[in-house]
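Work through the exercises below with the sequence and the model open. Each task is followed by a solution in steps.

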Amino acid sequence: MSVPVRQKRLPNHAVLDDESVERYAKLTCEGLFNLMPKELFWEARYNYLKDHGYQLRPRYTPGWKPSWIGTNLDPTFCEDSIMLINYQVIDATRISNRELVAIKAFLKEGEELHIAQFFSSIRDPQNHCVPIHEILPDPHDSQLALMVMPYLRPCNNPDFATIGDIIEFVDQTIEGLVFMHKHRVAHRDIAFANIMMDAKPLYPSGHHPIRMGYTPDALYPVTALPRAGRGVRYFYIDFGLSSHFAETSSSYVVGDFGRNSDVPELSDDVPYDAFKVDVFALGNLYSKEFEKKYNNMDFLPSIIEPMTQRRPELRPTAQEVLREWEKTRATIKESLFRWRLAPKAEPAFDRVVNDTVAVAWEGVYRLKKFVK
């Protein structure tokens, strides 16, 4: 005799009162939760992707009907009400192993396809470029292709919590820059938005791919585990502006584009060294996102200052940055890795309280090591 499966009780916030049921029913009929015009692109490719082993969320099933119709469920907490944010990229599940993936629609012309496939073919621990599972031709537009990649999370979501988190991020991003430049590729659009992480170690039970602060069913808030010691890996993404140079060709380019408007030499007319732009952009990221925001960043100026020289010829190569960073890193005390990140804008009282707690936890850590 089979035992009936007990359904998990819905949280109170997901259930509506009678008045709200009527209001949301009216809004649903008026089309508030309908697929947005750009989401229809993915609905049209639902069956094609499924035939190739990738299942989109129920929202994109052709002929989808909202799951909350005729119930007292709050649409806000129904998974199929959640719309895409970036319409160029959609999450999907690989049917064979239930792995979460990301699928990007992109124009086949240009360097992006070539560079992404090139890097994905290289097995090297220093390779921090997003892997590519496969490239599918678009079934409706011969100028487009669909790039299937691992699902990644923004590198700063959740926030960095300790100084060690930042050190590890610097380790991997410099290593990845050296790797790209060694293979004669300049990214040309280095920014926080184009560095992502495999956050599976931080969310062992997963999270929703769009509403990332919630469980996969979008019902319950979810909290990340600390990054320290969990092998979080960072990846450069989006090679739409990148350039791949032949071994003997010049790395000088033109083009005033990219997310980092602080790069001084960008120009549509005057050629500049694309590799030096990458060095500046990464150093500028370290400066704006870490050194200027947090206390105890004394280990960063030794690389930030040379990387962000206004004159490109005075900047080091990526390999020289790595050498300088390795020297600096060797001087950082082990205890600093575990120290919490203290924002410079933090009120004095909060800083005293939070630092006291951090000192207490460091004491517990040392005691545990002593007892062992």
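**Exercise 1. A salt bridge inside a helix**

Task: Find how the side chains of Glu324 and Lys327 meet, and state how exposed each residue is.

Solution. Step 1: the side chains of Glu324 and Lys327 form a salt bridge, at 3.4 Å from N to O. A salt bridge here is a side-chain nitrogen of Lys or Arg within 4 Å of a carboxyl oxygen of Asp or Glu. The model is a predicted one, in which local features need pLDDT of at least 70 and side-chain atom pairs count only at pLDDT 80 or more, while totals for chains, interfaces and linings use all residues. Residues are numbered from 1 along each chain as its sequence is written, and side-chain values use heavy atoms, with hydrogens and water left out.

Step 1: both residues belong to helix α8 (residues 318-329), and because they are 3 residues apart there, about one helical turn separates them. Helices (H or I, at least four residues) and strands (E, at least two) are DSSP runs, numbered from the N terminus.

Step 2: Glu324 is partly exposed, with a relative accessible area of 28%, and Lys327 is exposed at 55%. The classes are buried for under 20% relative accessible area, exposed for over 50%, and partly exposed in between (1.4 Å probe, protein chains only).

**Exercise 2. Salt bridges across the sequence**

Task: Locate the salt bridge between Asp138 and Arg45, and decide whether each partner is buried or exposed.

Solution. Step 1: the closest N and O atoms of Asp138 and Arg45 are 2.6 Å apart. Step 2: Asp138 sits in the loop between β4 (134-137) and β5 (144-150), and Arg45 in the loop between α2 (40-43) and α3 (46-51), so the bridge ties together parts 93 residues apart in sequence. Step 3: Asp138 is buried at 8% relative accessibility, and Arg45 is buried at 5%.

Step 3: Arg45 also lies over the face of Phe41, at 3.6 Å from the ring centre. The rule for such a contact is that NZ of Lys or CZ of Arg is within 6 Å of the ring centre and within 35 degrees of the ring normal. Arg227 lies likewise over the face of Phe160, at 4.1 Å from the ring centre.

Task: Which salt bridge do Glu79 and Arg57 form, and is each buried or exposed?

Solution. Step 1: their side chains meet at 2.9 Å, N to O. Step 2: Glu79 is buried, with a relative accessible area of 17%, and Arg57 is buried at 9%. Step 3: in total, the structure holds 18 salt bridges.

**Exercise 3. Aromatic pairs**

Task: How many aromatic pairs are there, and how is the pair of Phe77 and Tyr214 arranged?

Solution. Step 1: the count is 17 aromatic pairs. Rings of Phe, Tyr and Trp (its six-membered ring) pair if their centres lie within 6.5 Å; planes under 30 degrees apart count as stacked, over 60 as edge-to-face and the rest as tilted.

Step 1: Phe77 and Tyr214 form a tilted pair, 6.2 Å centre to centre with 55° between the planes. Phe77 lies in the loop between β1 and β2 and Tyr214 in the loop between β8 (195-198) and β9 (233-236), 137 residues apart. Phe77 is buried at 16% relative accessibility, whereas Tyr214 is partly exposed at 23%.

Step 2: the ring centres of Phe169 and Phe290 are 5.6 Å apart and their planes stand at 80°, so this pair is edge-to-face. Phe169 is in helix α5 (residues 163-182) and Phe290 in helix α6 (residues 274-291), 121 residues apart. Both are buried.

**Exercise 4. Strand pairing**

Task: Trace the pairing of β2 with β1 and β3.

Solution. Step 1: β1 and β2 pair antiparallel over 2 bridges, where two strands count as paired if DSSP finds at least two bridges between them. Gln55 has Thr93 of β2 as its bridge partner. Step 2: β2 runs antiparallel to β3 (residues 99-107), with 6 bridges joining them. Thr93 is there the bridge partner of Leu100 in β3. Step 3: the hairpin of β2 and β3 has 4 residues between the strands, and Arg98 takes a positive phi near 65°. Step 4: β2 is largely enclosed by the rest of the structure, because 5 of its 6 residues are buried.
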